[in-house]
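Please open the model in your viewer and keep the selection panel at hand.

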Amino acid sequence: MPGLDLNLNLGLLAPEIIFLGLVILLFAASMANCQGRLVAWLCPLAALASALLAACGLGTESTQFFGVYRLDGLSQFFKILIALGYLVAWLNALSQKTVEGDQKPDYRLFLTLSAFGLILLSSASELVAIYLAMELASYSLYVLIPKRSRSREAAEAGLKYILFGAAATALALYGLALIIASQHVTIIAALTGLDWSLQSNPLAVVGLSLFLGGMFFKLALFPFHFWCPDVYQGAGNETAAYVATLPKLGAIIVLIRLASLLAPGLALTDILAFLAAASITYGNLCALAQRDLKRMLGFSSVAHAGYILVGLVSGTPEGLAASAFYAMAYVLMNLLCFWVICRVSADGRNLSYSDLNGLSARSPLLALSLLAAAFSLVGLPPTVGFIGKLWLITSAWGHGYDWLVIVVCVNTAIAIFYYLSLVRHAYTEEDIPAGGAQALALDKGLLSQAGALLLGLLVVLLGLLPGPVWNVVLGASQALLD
Amino acid sequence: MPTSYPVLTVLTFFPLLAAILLAPIRSERRVRQATLIASLVEVILALPLACFKSQAGFQFQETVPWAEGWGLTYALGVDGISILMVLLSVMTLPLCVLCSWTYIGRRVKEFHVCLLLMTTACVGVFSALDLVLFYVFWEALLIPMYLMIAIWGGDQRRYASIKFFLYTLAGSTLLLVAIVALRIAGGTFFIPDLMAQSFSYNFQYWIFLALFLAFAIKVPMFPFHTWLPAAHVQAPSAGSVILAAVLLKMGTYGFLRFSLPLCPLASVSFAPMMIAISIASILYGGAVALGQNDIKKLIAYSSVAHMGFVTLGIFLFSPDGVNGAIFQMLNHGIITGAMFMLIGAVYERSHSREIQKNLGLGRYLPHFMLFWGLFGLASFGFPGTNGFVGEFMVILAAFKASTAIGLLVIPGALLAAAYILKVTLRMAWGQPASPAGHGWRDLRKKEWAYLVVPAALVIYLGLAPTGLLSLIGPSVDETLAVFKSKREQVSVIRLTSPGGRPEGLIYERDLAPDGLSAQEEAM
């Protein structure tokens, strides 16, 4: 076993240390009920600093803490994404209308704590550590989701998330116990070489399936998705923007790490492929029927969870890299979509399609960004969503899952209808319903425009010039499978 | 063509640049002027294409690595099949700007941005030599076209625009699967490399079907045509012009560029079906056009019929047929594009597209009727116009292939004469119920400007088609020669490992392409 000693390198752990410091500081601020601007503005600085430091560590590969904590290209890539996503979530929370002032320090604390958990998760390479990091990220969410003042829906959403989450966690723990009982190790690198076929080692396969089930819950994959639309709808717009993006990243990185246990033809891989197909189709079909934008995005994320799994079934470095790349694309497009929603919903209410009417006249830039996000979610070129999907299906073709590729592509034709509705309402519908969100002025501040422009440019530019990011994730996945 | 000047890249991305530069301009008049200037610059930028040599193979080729890790290249190039389509796309742009000068009254800047973006996508589609690049342009075109119909369209624009988007997108989903399958089986996305390879019959069979769905919807061929009349009728005239002149050609171009060279054996076995559908398109399109009261719908259905001639020509696999088909693609672009501009012009005067509301124009708008008559004659292939040359070549090829096919096509040509003459007669000499037409002005200078160009082309190409045919000829001969040799070759080899796989690619594994069929069936 390589790296079975403490092997501590504080320089590489800088992103984690910065976030930990931030958490402690926010905890103190929250205890003192200090609403100072200084503490608040430390968050984006810390996020930027950790993203930069994580970027410095892209080339490294080492394990720390007795092999439990692995720092490699993949973990650093996800840490950058998490830090930047946290930055956007924090910016969203700046103009929060549904959280009362004295609750804002708490909100920031739990947001940061959740991001910290995810950062730990991206490096955790041992099942117990994964479990702990995952729960750190989730428990914070249990507090965040109901924080929408005097909203019964938010309370309902929070309760649903906790109950479902507890059940999923229990299942995952049970699975963990079975894995330990049958394989006697929990470090992923050691688990890779072991036997994972259903015939010879059924207990381990059942255990891993249950453990994966816990991850699928976080990812909102069919049939573990029931919380997703309700939580998105019930939580505040800013909270939903966070819940929809970063925690999914956490689940994806664990799945990518566990995918080294999978190979085409295993029973577990077949289940994965089937779940992917079911999730894509079910998510898209349900999204067709939605009126509430966040609910629609909830079902859309069920579908996207399926897309991400497509890369995992092939068991090749290209497949894993495609999944990682698509995870990034997913986060980008959703952040962009929610960015627009947060700006348009001036008083923090939930939006329906008709609230977007006439957006192109009211704010051309926001409308254009929404168009970019919508077409990227469909997977139309020239956006990052297209390139991501192209790589997913190219990696899956020819490994016995060609039918899955066809399901993915055919689903584009289903998905286009409801994403197109976003564009249709923003660009072609001009009659504004009385009393809708249009009655309120939307946020057209510099920050709002700059954020939309930046995210929109990223969505298009990464679609046109994906090469550099692709090389990073490919290198990382090759290192993972070696 | 050893030139360092990247003419195709410039042609493709200049409109995009112009669209970005339009952003700060506020005055609507200035936006129109700026777009007109940009479109004329685009035409001038196309002048280096005059160095095109009439020989086979891709010219003006540019290759730059795009995403090397996945073997994507940014590759552009034109041959005899695509150069005319590139020129047609470029030429259409200034005409569209002119014909929207008074037609489009609101959200002017966005409209012109859409026009410019569409030109970028059109030129890109016809010059892309990388499958993914082709697909990027192919799909990217949908977005501005959708917006054009949905924002500036007629009363039923929502229905028409969504139908357009859903139909064309649904068709191209399997195109993406085919691209991925070709990448895995052939080892590259680069089109000339793929064309040099041979695939097993089973593989070709499924690839052909996937491509067929995408291209047949775009053309559109008979059972897939229903989006076209809706889109045409609702689109603003510039939208209809681009739709008719360029967009429909992408389908037939796809058949020529991909289906024939990549799936020769499957093309042969599907040829009877293709010929049957083409004839059905010709007859059905013509018959339905005869019954229309809406002028725009009539021309839209006539497009279905005309494009039927093109697909028929392609799937006869003879030089006459394919040359005629390409020539007819160009002709249809010029003639139908011009007729949609005329309809736009008359709509601005009468505010109706009903034949009934546009009677007796021979008295009120004589110059208008002159142009209508000319394009009408060209549309049904009157000798001396370009329509005659293309249609005649296809019919000749049809008779050479089989008398039965030839005889089936003849009624289509007759129908074309019938519906065009019917609408022209009523528009020229019909008795209007109210003398509203007295106040209408005959063609303005701008309208003359955008009508004279296609009119000159109609007559010039009708009288002297040999120049253009000699441009197309070598590429067509080469395509057909390769097609023939591969047909014979593929039928005997059993493909195990496709050759010519460049180094450094990801997929080392040999794939038995036969696996494809079983899995598609399983779905």
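Helices (H or I, at least four residues) and strands (E, at least two) are taken here as DSSP runs and are numbered from the N terminus. This is a predicted model, in which local features need pLDDT of at least 70 and side-chain atom pairs count only at pLDDT 80 or more, while totals for chains, interfaces and linings use all residues. Residues are numbered from 1 along each chain as its sequence is written, and chains are lettered from A and ligands numbered from 1 in the order in which they are written.

Begin by selecting chain B, which holds 21 helices and two strands. Its radius of gyration (taken over C-alpha atoms) is 23 Å, close to the 24 Å that the globule rule (2.2 Å times the number of residues to the power 0.38) gives for 523 residues, so chain B is as compact as a globular protein of that length. Along the principal axes, the C-alpha atoms of chain B fill a box of roughly 75 × 60 × 45 Å. Of the 523 residues of chain B, 59% count as buried, where a residue is buried if 20 or more other C-beta atoms lie within 10 Å of its own, exposed if 12 or fewer, and partly exposed in between, with C-beta atoms placed from the backbone.

Next, show both chains and select their contact, to which chain B gives 35 residues and chain A gives 30 residues; two residues are in contact if their C-beta atoms, placed from the backbone, lie within 7 Å. On the side of chain B that touches chain A, the elements that give two or more residues are helix 5 (131–140), helix 6 (142–152), helix 7 (157–186) and helix 21 (515–522) of chain B. Helix 7 of chain B gives the most, with 14 residues. Colour this side of chain B by class, and it divides into 27 nonpolar, three polar and five charged residues, with Ala, Val, Leu, Ile, Met, Phe, Trp, Tyr, Cys and Pro counted as nonpolar, Asp, Glu, Lys and Arg as charged, and the others, Gly among them, as polar.

Now turn to chain A and select helix 1 (residues 14–31) and helix 4 (residues 104–123), whose axes come within 9 Å and cross at roughly 160°. That makes helix 1 of chain A roughly antiparallel to helix 4 of chain A (an angle over 145 degrees). The axes are lines fitted to C-alpha atoms, for helices over the stretch in contact, and angles run from 0 to 180 degrees between N-to-C directions. Among the contact residues are Phe19(A) and Phe27(A) of helix 1 of chain A and Leu109(A) and Phe116(A) of helix 4 of chain A. By class, this contact has 15 nonpolar, two polar and three charged residues.

Move on to the loop between helix 8 (202–219) and helix 9 of chain A, where Pro223(A) is found. The peptide bond from Phe222(A) to Pro223(A) is cis, with omega near 0°. Ala220(A) is found in the loop between helix 8 and helix 9 of chain A as well, and its phi is near 60°, a positive value in a residue other than glycine. Ala220(A) is buried, with 28 other C-beta atoms within 10 Å.

Finally, return to chain B and centre on Arg107(B), in the loop between helix 3 (80–99) and helix 4 (108–127) of chain B. Phi of Arg107(B) is near 45°, again positive in a residue other than glycine, and Arg107(B) counts as partly exposed, with 17 C-beta neighbours inside 10 Å.

Notes: Parallel < 35°, antiparallel > 145°, perpendicular 65-115°, else oblique.
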